[in-house]
Amino acid sequence: MDFLELFNAVALSQKSIPSDYVPATALDAVVDEDTLNLDSLDVAMMYFVLAEAYGVPEDGDEELPKGMTVQDLHDHLLKEKTVDPEDTYESIEALLEDLG
């Protein structure tokens, strides 16, 4: 499962106005409103879906750092994961259907 493709699909699914989303084209894209048109609520909702897909335990107070890139997010998920989404879901569509 390509993480950039997964990131874009999850981000798009969490936008209240999907046409406003600017897809990430590289892993060094900054996850923010200026770059991807994702506000803080969009980012939080996207993170919750991805964290659940990767089985990241809830810490409660975890706040994503300003200036975080898609690669930073991926690295965090890989570091904290307890499951691989590829082992649970056949496709990104199946993941979104279950978690989105």
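**Group meeting: a pocket, a core and a few residues**

The largest pocket is lined by 24 residues, and those nearest its centre are Val43, Ala44, Tyr47, Glu63 and Leu64. Before I go on, note that this is a predicted model. The space in that pocket comes to about 630 Å³. Helix α3 gives the most to the lining, with 7 residues. By class, the lining has 12 nonpolar, 9 charged and 3 polar residues.

Next, the core. Which residues have the most contacts inside the largest nonpolar core? They are Phe3, Phe7, Leu38, Met46, Leu50, Leu73 and Leu95, in a core of 31 residues. Two or more residues come from each of α1, α3, α4, which covers 70-80, and α6. As a general point, nonpolar side chains tend to be buried together in soluble globular proteins.

Take Leu73 from that list. Leaving out residues up to four places away in sequence, Leu73 touches Phe3, Phe7, Met46, Tyr47, Leu50 and Met68.

Now helix α6, residues 92-99. Its buried residues are Ile92, Leu95, Leu96 and Leu99. Why do they count as being on the same side of α6? Because they cover an arc of only 95 degrees around the axis.

Is Ala53 buried or exposed? Ala53 counts as buried, because its relative accessibility is 2% and the cut-off for buried is under 20%. Setting aside neighbours within four places in sequence, its contacts are Val83, Pro85, Leu95 and Leu99. Leu95 and Leu99 are among the buried residues of α6. For a sense of distance, Ala53 and Glu5 are 48 residues apart in sequence, and their C-alpha atoms are 14 Å apart in space.

Thr69 lies in the loop between α3 and α4. Thr69 is buried too, with a relative accessible area of 14%. Beyond the residues up to four places away in sequence, Thr69 touches Leu27, Asp28, Ala29, Val30 and Val31.

Asn37 is in the loop between α2, residues 33-36, and α3. What is the phi of Asn37? It is positive, about 60 degrees, although Asn37 is not a glycine. In general, most residues other than glycine have a negative phi. Asn37 counts as partly exposed, at 25% relative accessibility.

Asp20 belongs to the loop between α1 and α2. At 32% relative accessibility, Asp20 is also partly exposed. Not counting residues up to four places away in sequence, Asp20 touches Lys15, Leu36 and Asn37. Asp20 and Pro65 are 45 residues apart along the chain, with 23 Å between their C-alpha atoms.

To close, two things to look for in the structure.

Notes
Residues are numbered from 1 along each chain as its sequence is written. This is a predicted model: local features need pLDDT of at least 70, side-chain atom pairs count only at pLDDT 80 or more; totals for chains, interfaces and linings use all residues. Side-chain values use heavy atoms; hydrogens and water are left out. Buried means under 20% relative accessible area, exposed over 50%, partly exposed in between (1.4 Å probe, protein chains only). Helices (H or I, at least four residues) and strands (E, at least two) are DSSP runs, numbered from the N terminus. The arc is that of the directions from the helix axis to the C-beta atoms. A nonpolar core is a set of buried Ala, Val, Leu, Ile, Met, Phe, Trp, Tyr and Cys residues joined through side-chain atoms within 4.5 Å. Contact means heavy atoms within 4.5 Å. On a 1 Å grid over the protein atoms alone, a cavity is a set of points where a 1.4 Å probe fits but cannot get out, and a pocket is an open set with protein on both sides within 12 Å along at least five of seven lines; lining residues have an atom within 4 Å of a point. Grid points are joined across faces, edges and corners, and a volume is the space filled by probe spheres set on the points. Ala, Val, Leu, Ile, Met, Phe, Trp, Tyr, Cys and Pro count as nonpolar, Asp, Glu, Lys and Arg as charged, and the others, Gly among them, as polar.
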